[in-house]
Amino acid sequence: MSAQVLSGVEIAAEIKAEVAVKVGRLTEACGAPGLTVILLGSDPASEVYVRNKVRSCVELGIRSTLLTPPGSTTEAELLGMIDGLNRDTAVDGILVQLPLPKHIDTRRVLEAVTPEKDVDGFHPVNVGRLQIGQPALAPCTPAGILEILKRRGIPIAGADCVMVGRSDIVGKPASTMLLNEGATVSVCHKGTRDLAGYTRRAEILVVAVGVPGLITAEMVRPGAVLIDVGINRLDTVEQVKRFFPGDVARVAAFEKRGYVLMGDFDSRAYQVSSAYTPVPGGVGALTIAMLMQNTVKAAAARRGMAL
Ligand code: NDP
């Protein structure tokens, strides 16, 4: 039987439709929820991400404000700006687009956002709340992973889960969320001896590393569910042919665009699984939907409304 494709695009559409209904309720009761995004400087990739976030806000009826201070803005000025937004009752969510320029201490900035408006879920208070299973604004990518599993009926409680990657934005929170759902979770990283020994046991294998094709078919338990978080750019036709042997369509896509995206799994690993998230169109497609959901959650909590 062929593996099921877990489409992040479809799930994002489901979530956005639900969020739009909640935005409608909030708007009727006490005005549209508001998200403020701070984009400091002019990083081209960040500009694209921010544009997409603002577009989604417009689609769903969320008020969005984009602040674009120059790259020369000092840390003190940025902290002052965040302080103003923390106090502004019209602002429900604050998002500081990363990466920040080198002269700014990212940790300090993220900690300056009041936890109640921390729609990225990066503030230590939200990290702590998540850890002890209290209601929290959870980081968007791990929250998206959980949505995929739950909405597609993949049992988490009791499952053997392996998380490869232990970053603060993906690996650690995703492993916490899986543990909170009752999975047995192993977390692997660069220092893990015998990575394949772990991955081969996994019923749910989540990989957030950033190394194309790191997880091969031999490293996957037949029938496992694979969640591929990695987003890697293949910039040469040799790479494309190595990772996708005989895939004429992929080579044509490379020739058209000059690059091809792939995840951390080798494409042959997907075929051993029962279900997998593609790259692109998998986990990455959900991130903005989860941000919208967090904004509505923050707005409802601040206004004392149950949605
Ligand atoms: P980081 O670089 O912060 O973390 C990578 C993790 O992978 C680290 O824990 C590192 O271990 C581990 N690692 C690196 N090499 C190996 C290896 N050979 N074997 C085992 N573990 C290894 O990355 P992020 O978590 O930020 O992102 C990971 C990937 O996910 C990237 O491709 C990124 O683009 C993508 N991403 C996708 C998102 C989406 O929306 N789909 C959102 C965020 C990220 P150690 O800690 O020991 O160094």
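How many Å separate the centres of domain 1 and domain 2, taken over C-alpha atoms?

## Domains

In this predicted model, the centres of domain 1 and domain 2 are separated by 30 Å when taken over C-alpha atoms. The domain assignment of the protein chain places domain 1 at residues 29-116 and domain 2 at residues 140-284.

## Backbone features in loops

Two cis peptide bonds can be described here, starting with the bond from L98 to P99, which is cis with omega near 5 degrees; P99 itself lies in the loop between β4 (93-96) and α4 (106-112). The peptide bond that joins V279 and P280 is also cis, with an omega of about -5 degrees, and P280 is found in the loop that runs between β11 (275-276) and α12 (287-302).

Although D194 is not a glycine, this residue has a positive phi of about 60 degrees, and its place is the loop between β6 (184-188) and α8 (195-199). D194 counts as exposed because its relative accessibility is 55%, where the cut-off for exposed is over 50%.

## The second largest pocket

The second largest pocket has a volume of about 460 Å³ and a lining of 21 residues, of which A136, A138, K150, M177 and K297 lie nearest its centre. By class, this lining is made up of eleven nonpolar, five polar and five charged residues.

Among the contributors, α12 gives the most, with five residues.

Terms used:
Residues are numbered from 1 along each chain as its sequence is written. This is a predicted model: local features need pLDDT of at least 70, side-chain atom pairs count only at pLDDT 80 or more; totals for chains, interfaces and linings use all residues. Side-chain values use heavy atoms; hydrogens and water are left out. Domain bounds come from an automatic or database domain assignment. Helices (H or I, at least four residues) and strands (E, at least two) are DSSP runs, numbered from the N terminus. Buried means under 20% relative accessible area, exposed over 50%, partly exposed in between (1.4 Å probe, protein chains only). On a 1 Å grid over the protein atoms alone, a cavity is a set of points where a 1.4 Å probe fits but cannot get out, and a pocket is an open set with protein on both sides within 12 Å along at least five of seven lines; lining residues have an atom within 4 Å of a point. Grid points are joined across faces, edges and corners, and a volume is the space filled by probe spheres set on the points. Ala, Val, Leu, Ile, Met, Phe, Trp, Tyr, Cys and Pro count as nonpolar, Asp, Glu, Lys and Arg as charged, and the others, Gly among them, as polar.
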